[in-house]
Amino acid sequence: MPCTPRDPPYRGTVFVDPGIVTGEDPTSFQGVTYTGRGERRFFDRRVDAWITVNAHLFAVRYEGREIIEFQVNPEFGSKEAARAEVDTYASALGRLPLFLLSRVDKVTINDGYELWGGNGQDRSILIHTDKGREYIQEGFLEEVMIHEAAHVSLDGVHEYSQGWREAQVKDCGFISEYAREHPYREDVAESFLPYYALRYYPERLADSDRAAILNAIPHRIAFFDECVTSDTSVAASCHVQTARIHKLQGVVVGPDDNPLEGIGIWAWQGERANSGFGRTDSRGAFAIDTPEGAFTLDIYAGPGCSFVGWYDGDGITDIRDSAVRVLEGTQGLKVRLPDLPKNLPRIEWCAS
């Protein structure tokens, strides 16, 4: 018999308590090496777009995992000024458990008062420093990092898994209004921080918060207990649950057969929960996590609703019924655009 959904106990979980992880806790951070300048592409919320800059680059070492590259926007000026921004955040990142750093390859740092982000597709955490100073002043720096790292390291593994979906149904509700508003994009990250506090630092939570978390998401808590370990791996039982996730891979090229970077590919199956999105890298390559099924490939030539067509087996078409469906796990796809992205007409249609 269907249950009656309960109201979430929180608006958002990042700001439940600033003392879940503190600056006094140990860090796996070991050191920083400046490696020079290099062209890097990362997101900037101030313009709501991907930008390419000649960034200051730093190799940051953490015990128990490979180096994480910190990429600093050159707007900060000298390498010394860029290093100061790295020093602000590198140690705090090391206070996260290693399994949350397992898929984080880079941290990008921009100026500006914008929200942070965690991107599982390019395995990055996005920092805007004016907002970062606010997080530091209010005591929520590590809590925000946990949320964003969960997006990077846990979303792709768990959000499409059968076990996670079953836990959502059995809990009959969400830990926060934010998770309820975005059940596929935010639920894992919103649920993980209170779970982490409950399991690792219960004494740092108020009695009322411990009770609220236990009552709101007991099946999600059991899922995390079973599927998240204290090292950099995922528990064996989760590999069974996530076996239905497949990589759909290919390249996008222009009419001259040269690779195109930054092209968005939405593998669409009919609803957001069963679909996946990715962008091409500098080689024109994309790799998208999808569940089982057949997918249309919706092609976006820029940020936002820059939709230009559907994959038709070779190029693109503006007729939806002419779109070719591809199966999960398909590799070696080649999508050829008929013109440069800036010259392609936009279609007034967006997947939702």
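Let me begin with Glu 69, which, if we set aside residues up to four places away in sequence, touches Arg 40, Leu 57, Phe 58, Asp 105, Lys 106 and Val 107. Please keep in mind throughout that what we are looking at is a predicted model. Glu 69 sits in strand β3, which runs over residues 65–72, and the side chain of Glu 69 also makes a polar contact, at 2.8 Å, with the side chain of Gln 71.

Now to the sheet. Three strands, in the order β10-β7-β15, form an open sheet with mixed pairing, and its edge strands, each pairing on one side only, are β10 (285–290) and β15 (333–336). From one strand to the next, the twist averages 30°. Strand β7, residues 246–253, pairs with β15 in the parallel sense over four bridges, and Val 251 stands opposite Lys 334 in β15.

Finally, the helices. Helix α1, residues 79–93, packs against helix α3, residues 129–138, at an angle of about 40°, and their axes are 12 Å apart. As for handedness, the crossing of α1 and α3 is left-handed. Which residues make the contact? From α1 they are Glu 85, Thr 88 and Tyr 89, while α3 supplies Thr 129, Gly 132, Arg 133 and Ile 136. Sorted by class, the contact of α1 with α3 comprises two nonpolar, three polar and two charged residues.

Key:
Residues numbered from 1 in each chain as written. Predicted model: local features only at pLDDT ≥ 70, side-chain atom pairs only at ≥ 80, totals over all residues. Heavy atoms only, no water. Axes fitted to C-alpha atoms, helices over the stretch in contact; angles between N-to-C directions. Helix = DSSP H or I, 4+ residues; strand = E, 2+ residues; numbered from the N terminus. Left-handed = near helix turned anticlockwise from the far one by under 90°. Contact = heavy atoms within 4.5 Å. Nonpolar A, V, L, I, M, F, W, Y, C, P; charged D, E, K, R; others polar. Polar contact = N/O pair within 3.5 Å; in protein donor to acceptor, adjacent residues only side chain to side chain. Pairing = 2+ DSSP bridges.
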